[in-house]
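Subject: Structure for you to look at

Hello,

Here is the structure you asked to see. Please open it next to this email and follow along.

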Amino acid sequence: MTTRPRPGQEVPDALDEMIAEFTEDNQDFPQLLLAAERRRALLHILAEQRKGRKLSQTRVAAAMRTSQPTLARLETTAADTKLSTVERFASALGYSVEYHL
């Protein structure tokens, strides 16, 4: 498979090459990657909302029935987070997650 640069890039980089390699092994990989990127973006937005409301991680974590360190990791890592966890985070801030097909 030919590696193509992402928008704004002139030449492919190591990430582009890795994506191409994984896609060769699993044709669903680009969609899986996109879904993970959307979850990460949503977690970032929720973290910014928490900070903007001046809510502590401890308070929001308690509302989620989890620990503050767990919420801190959720807000700062690129882990593949379960949708149920994202939904609990959103709910603790008064939001709901909606799905559209």
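Leaving aside its neighbours within four places in sequence, which residues is Thr85 in contact with? They are Met64 and Leu74. Please keep in mind throughout that this is a predicted model.

Thr85 sits in helix α5. Its relative accessible area is 17%, and buried means under 20%, so Thr85 counts as buried.

The helix pair

Two packed helices are described by the angle between their axes and the distance between the axes. For helix α3 (residues 57-64) and helix α5 (residues 83-92), the axes come within 9 Å and cross at roughly 120°. That is why α3 is called oblique to α5. The crossing of these two helices, α3 and α5, is right-handed.

The residues that meet are Val60, Ala63 and Met64 on the α3 side, and Thr85, Arg88, Phe89 and Ala92 on the α5 side. Sorted by class, the contact of α3 with α5 holds five nonpolar residues, one polar and one charged.

Gln57

Gln57 belongs to helix α3. Is Gln57 buried or exposed? Gln57 is buried, because its relative accessible area is 17% and the cut-off for buried is under 20%. Setting aside neighbours within four places in sequence, Gln57 is in contact with Arg50, Gln68, Leu71, Ala72 and Glu75. With one of these, Glu75, there is also a polar contact: the two side chains are joined at 2.7 Å. By contrast, Phe29 is 28 residues from Gln57 in sequence, and the two are 33 Å apart in space, C-alpha to C-alpha.

Most residues other than glycine have a negative phi. Which way does the phi of Lys54 go, positive or negative? Lys54 has a positive phi of about 55°, although it is not a glycine. Lys54 lies in the loop between α2 (29-52) and α3. With a relative accessible area of 75%, Lys54 is exposed, because exposed means over 50%.

Arg65 is not a glycine either, and has a positive phi of about 60°. Look for Arg65 in the loop between α3 and α4 (68-76). The relative accessibility of Arg65 is 80%, so Arg65 counts as exposed.

To go over this on screen, start with Thr85 and its contacts Met64 and Leu74, then turn to the crossing of α3 and α5, and end with Lys54 and Arg65 in their loops.

Regards

Key
Residues are numbered from 1 along each chain as its sequence is written. This is a predicted model: local features need pLDDT of at least 70, side-chain atom pairs count only at pLDDT 80 or more; totals for chains, interfaces and linings use all residues. Side-chain values use heavy atoms; hydrogens and water are left out. Axes are lines fitted to C-alpha atoms, for helices over the stretch in contact, and angles run from 0 to 180 degrees between N-to-C directions. Helices (H or I, at least four residues) and strands (E, at least two) are DSSP runs, numbered from the N terminus. Angles under 35 degrees count as roughly parallel, over 145 as roughly antiparallel, 65 to 115 as roughly perpendicular and the rest as oblique. A crossing is left-handed if the near helix is turned anticlockwise from the far one by less than a right angle, and right-handed if clockwise. Contact means heavy atoms within 4.5 Å. Ala, Val, Leu, Ile, Met, Phe, Trp, Tyr, Cys and Pro count as nonpolar, Asp, Glu, Lys and Arg as charged, and the others, Gly among them, as polar. Buried means under 20% relative accessible area, exposed over 50%, partly exposed in between (1.4 Å probe, protein chains only). A polar contact is a pair of N or O atoms within 3.5 Å; within protein, one must be able to donate a hydrogen and the other to accept it, and residues adjacent in sequence count only if both atoms are side-chain atoms.
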